[in-house]
Amino acid sequence: METAKPKQPTGKLGVMTVGMGAVATTLIAGVEAVRRGLSKPIGSLTQMGHIRLGKRTDEHSPLIHEFVPLASLDDIEFAGWDIFNVNMYEAASTANVLERSHLETIRPFLEAIKPMPAVFDQHYVKRLSGTHVKTGRSKCDLAQQVRSDIQQFSATVDRVVVIWCGSTEIFIEPAAVHATLASFEEGLNNDDPAIAPSQIYAYAALMEGVPFANGAPNLTLDLPCMVELARKTHTPICGKDFKTGQTFIKTVLAPAFKARMLGVAGWYSTNILGNRDGEVLDDPESFKTKEESKLGALEYILQPELYPDLYSDMYHKVRINYYPPRGDNKEGWDNIDIFGWLGYPMQIKVDFLCRDSILAAPLALDLVLFMDLAKRTPELAAAGIQEWLSFYFKAPQTAEGLYPEHDLFIQLMKLKNTLRHIMGEDLITHLGLEYYE
Ligand SMILES: NC(=O)c1ccc[n+]([C@@H]2O[C@H](COP(=O)([O-])OP(=O)(O)OC[C@H]3O[C@@H](n4cnc5c(N)ncnc54)[C@H](O)[C@@H]3O)[C@@H](O)[C@H]2O)c1
């Protein structure tokens with residue numbers, strides 16, 4: 001199919017992060033460190049990845065950022081919101097992800113970035129109490145304030161993308177207020193309790209035609225009203241919940257078991273982490289949001305309805321325990337009970353000593369660059385939901401009634417084929433018979 005290619009980027013790309021904690025400060029500090037040549041952008045597909053074009057024998061695999069017109073890191077400007085009024089140097093010091101020596105070299109740059117007051121209500125994040133918070137007559141008024149923040153920042157740059165790097169909100173189910181854009185707007189006027197702060201930011205961004213990515217598991221974009229608004233304003237949306245540590249590994253291992261027709265009797269996943277995110281997730285209502293997001297992947301990958309002998313009796317459990325001494329350095333254990341030929345049991349143990357925000361920051365970078373690309377690509381912008389970015393999420397958003405792809409390598413193929421498609425290149429099917437003709 002013929003498709004209009006993406007428009008070239010010109011001028012600055014403004015990146016607004018909702019929440020300027022561990023992930024956001026690691027992203028911002030990291031981008032600056034890379035720009036100054038102090039580090040390599042390790043973990044970022046947009047910066048380090050190649051994409052094969054044509055046949056294997058063509059030996060043509062340009063860098064992704066040379067193949068598609070992405071904004072350059074040099075053209076990114078950062079802004080955002082947080083409930084704590086501290087600059088990015090102080091916030092990064094509190095998050096304690098990057099070493100002091102790393103932060104000192106870019107201290108003036110970080111100190112110059114300060115958050116705008118947030119839309120926040122402790123009802124939705126029980127373990128935090130914010131001081132740097134907007135007040136308004138109604139949720140509608142708060143949304144207008146966020147819109148004017150975006151407008152003011154937009155006036156200083158060429159294009160804007162918003163990414164939610166805020167805390168995980170409590171578990172909320174879609175309600176009547178989310179059914180249509182009209183009902184949502186009525187709910188904003190009536191201060192409907194089913195409208196969480198994250199939804200107010202998303203609404204404001206989409207009304208401004210600004211792409212919005214959701215890095216947390218809260219119910220923010222996967223609502224009919226948001227899909228309607230995204231399509232109406234030709235604005236890309238994607239979520240949710242960065243696929244960084246345990247779920248990243250899970251969505252690599254599970255497809256391997258299924259590929260070999262090995263059964264899974266049980267999968268017990270536990271985590272300890274001690275950052276602010278861990279503290280927020282210590283609240284049962286926020287944990288429930290995370291749990292739902294983490295539990296989904298296995299069911300979809302293993303398809304117990306198609307393979308009842310292998311997966312229908314699987315016991316799957318996910319735990320997260322707040323353990324302050326570890327800070328951002330999470331430890332995720334998986335005990336996997338699998339079975340093979342004639343039902344003989346085997347076990348696999350995975351102990352991933354990861355660094356949460358070190359894994360998340362490059363994903364956040366890729367997402368803002370790809371969302372900006374999507375906004376400049378008519379066919380992608382018109383679609384609203386960017387399913388090709390499933391690669392980055394634990395609970396990928398898809399069209400109504402369509403099950404998400406969780407297998408990391410299917411997701412990567414989908415992402416790369418989307419890039420080939422928008423640039424008018426042949427898709428790669430991996431059929432490969434042509435080499436034997
Ligand atoms: N590997 C990862 O780090 C990872 C993976 C998947 C998802 N996430 C999610 O990303 C989010 C950010 O993680 P983090 O480690 O940076 O957490 P963090 O606690 O360090 O930062 C979150 C920030 O959001 C702010 N905040 C909360 N509510 C806000 C609001 N309504 N408006 C503006 N700011 C608000 C908080 O004050 C805090 O500074 C969390 O929801 C987390 O679950 C992180």
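The points below take up the domains, the ligand shell and selected strands.

1. This is a predicted model, in which local features need pLDDT of at least 70 and side-chain atom pairs count only at pLDDT 80 or more, while totals for chains, interfaces and linings use all residues. Residues are numbered from 1 along each chain as its sequence is written.

2. The protein is divided into domain 1 (13-242 + 357-422) and domain 2 (246-353), with bounds that come from an automatic or database domain assignment. Their C-alpha centres lie 26 Å apart. Across the boundary, 27 residues of domain 1 are in contact with 26 residues of domain 2, contact being defined by C-beta atoms, placed from the backbone, that lie within 7 Å. On the side of domain 1 that touches domain 2, the residues divide into 13 nonpolar, seven polar and seven charged. Here Ala, Val, Leu, Ile, Met, Phe, Trp, Tyr, Cys and Pro count as nonpolar, Asp, Glu, Lys and Arg as charged, and the others, Gly among them, as polar.

3. The shell around the ligand receives residues from both domain 1 and domain 2, so the ligand lies between them. Of the 35 residues around the ligand, Gly19, Gly21, Ala118, Ala216 and Arg276 come nearest; a residue is near if its C-beta atom, placed from the backbone, lies within 6 Å. The shell comprises 20 nonpolar, ten polar and five charged residues.

4. At least two shell residues come from each of α1 (22-35), β2 (76-82), α12 (276-281) and α15 (356-375). The helix α15 gives the most, with four residues. Helices (H or I, at least four residues) and strands (E, at least two) are DSSP runs, numbered from the N terminus.

5. In strand β1 (residues 13-18), six of six residues are buried, that is, 20 or more other C-beta atoms lie within 10 Å of their own, with C-beta atoms placed from the backbone. Leu13, Val15 and Thr17 point one way, and Gly14, Met16 and Val18 the other way. Strand β1 runs parallel to β2 over six bridges, and Leu13 has Ile76 as its bridge partner there. Six bridges also join β1 in parallel to β4 (residues 159-164), where Val162 is the partner of Met16. Two strands pair if DSSP finds at least two bridges between them.

How values were computed:
A residue is buried if 20 or more other C-beta atoms lie within 10 Å of its own, exposed if 12 or fewer, and partly exposed in between; C-beta atoms are placed from the backbone. Two residues are in contact if their C-beta atoms, placed from the backbone, lie within 7 Å.
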